[in-house]
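What does this fold look like from its sheet outward?

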Amino acid sequence: MKFELNNPTKTALLVIDMENDFVKPGAPMCVPMATKAVPNIKKLIDVCRKKGATVIYTTHVHGKDRGDMGLMSGFWPPIDSQEALVDNTPSTEIYSDIAPQEGELVIKKHRYSAFYNTDLETQLRNRGIDTLIITGTVTNMCCESTARDAQFRDYKTIFVSEATGTMDHPDLGAGAMSAEDVQKATLTSLSFCVAEIAPADEFIERL
């Protein structure tokens with residue numbers, strides 16, 4: 001599947017969860033592949049701003065009262081201990097190299113998909129957006145969940161291969177996988193029935 005990009009004003013670049021706790025080296029939940037993706041994401045942000053495409057950020061957060069954690073606390077010890085992703089702290093601010101400009105949306109979320117219990121779809125519909133460009137982290141969690149929910153809602157979805165990142169997966173019953181293998185498996189799966197997979201430079205040429 002290859003989508004036509006006829007009108008940048010109907011396109012939104014989603015920068016998924018590129019917050020300090022995931023991107024800043026040494027942070028509790030740092031994803032090294034996401035840190036390496038920052039230059040490509042910055043390049044995409046700059047081009048989208050210049051062309052008139054909408055740039056929207058998401059940040060994964062949880063309140064200090066723990067009322068929005070749910071099962072996240074069981075899967076992620078740093079979330080459970082509130083060592084990471086605590087709302088209204090510097091750790092959940094967007095990484096400074098790709099920080100939002102004044103007026104750009106930053107949508108807070110508590111689950112993997114940026115559509116779940118947020119106003120993202122309302123914001124997109126009111127702007128006449130029909131095409132979403134997925135960047136950010138984690139490739140096979142928040143980025144993939146958002147891409148699948150976008151496709152279910154009939155948005156043309158383009159997943160930028162070099163502007164997303166994941167981490168090594170330990171053996172928790174199904175075998176261990178390196179970050180590179182997880183990235184490849186996710187992109188291969190998405191390309192089959194969910195999204196177009198495009199390198200950053202190719203997408204920039206088409207926008």
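Asp 87 is buried, with a relative accessible area of 18%. Here buried means under 20% relative accessible area, exposed over 50% and partly exposed in between, with a 1.4 Å probe and protein chains only. This is a predicted model: local features need pLDDT of at least 70, side-chain atom pairs count only at pLDDT 80 or more, and totals for chains, interfaces and linings use all residues. Residues are numbered from 1 along each chain as its sequence is written, and side-chain values use heavy atoms, with hydrogens and water left out.

**Salt bridges**

Asp 87 forms a salt bridge with Lys 108, with the closest N and O atoms 2.8 Å apart. Lys 108 lies in strand β3 and Asp 87 in the loop between α4 (77–80) and β3, so the pair ties together parts 21 residues apart in sequence. A salt bridge is a side-chain nitrogen of Lys or Arg within 4 Å of a carboxyl oxygen of Asp or Glu. A search of the whole structure finds 14 salt bridges.

| Pair | N to O distance |
|---|---|
| Lys 2 and Glu 196 | 3.8 Å |
| Lys 108 and Asp 87 | 2.8 Å |
| Glu 121 and Arg 125 | 3.1 Å |

Lys 2 is exposed at 55% relative accessible area, whereas Glu 196 is buried at 2%. Glu 121 and Arg 125 are four residues apart in helix α5 (residues 120–126), so about one helical turn separates them. Glu 121 is partly exposed at 27% relative accessibility, and so is Arg 125 at 43%. Salt bridges that share partners join Lys 2, Glu 196, Glu 202 and Arg 206 into one network.

**The sheet**

Helices (H or I, at least four residues) and strands (E, at least two) are DSSP runs, numbered from the N terminus. Two strands pair if DSSP finds at least two bridges between them. Six strands form an open sheet in the order β3-β2-β1-β4-β5-β6, with parallel pairing. β3 and β6 (196–198) stand at the edges, each with a single partner strand, so one side of each has no neighbour in the sheet. The twist averages 25° from one strand to the next. Angles run from 0 to 180 degrees between N-to-C directions, and axes are lines fitted to C-alpha atoms, for helices over the stretch in contact.

How many residues of strand β2 (residues 54–60) are buried? Seven of the seven are, so β2 is largely enclosed by the rest of the structure. Five bridges join β2 to β1 (residues 11–16), and Leu 13 stands opposite Val 55. Five bridges also join β2 to β3 (residues 105–109). There, Thr 59 stands opposite Lys 108.

**The helices**

Helix α2 (residues 32–51) has 20 residues. A kink of about 45° lies at Val 38, shortly before Pro 39. That bend is the angle between axes fitted to the seven residues ending there and the seven starting there. Buried residues of α2 include Met 33, Ile 41 and Cys 48.

Glu 144 sits in helix α6 (residues 139–152). At 14% relative accessibility, Glu 144 counts as buried. Leaving out residues up to four places away in sequence, Glu 144 touches Val 138, Thr 139, Phe 159, Thr 186 and Leu 190. Contact means heavy atoms within 4.5 Å. Helix α7 (residues 179–193) lies across β5 and β6, running at about 170° to β5.

Definitions and conventions: The expected span of a helix is 1.5 Å times one less than its number of residues.
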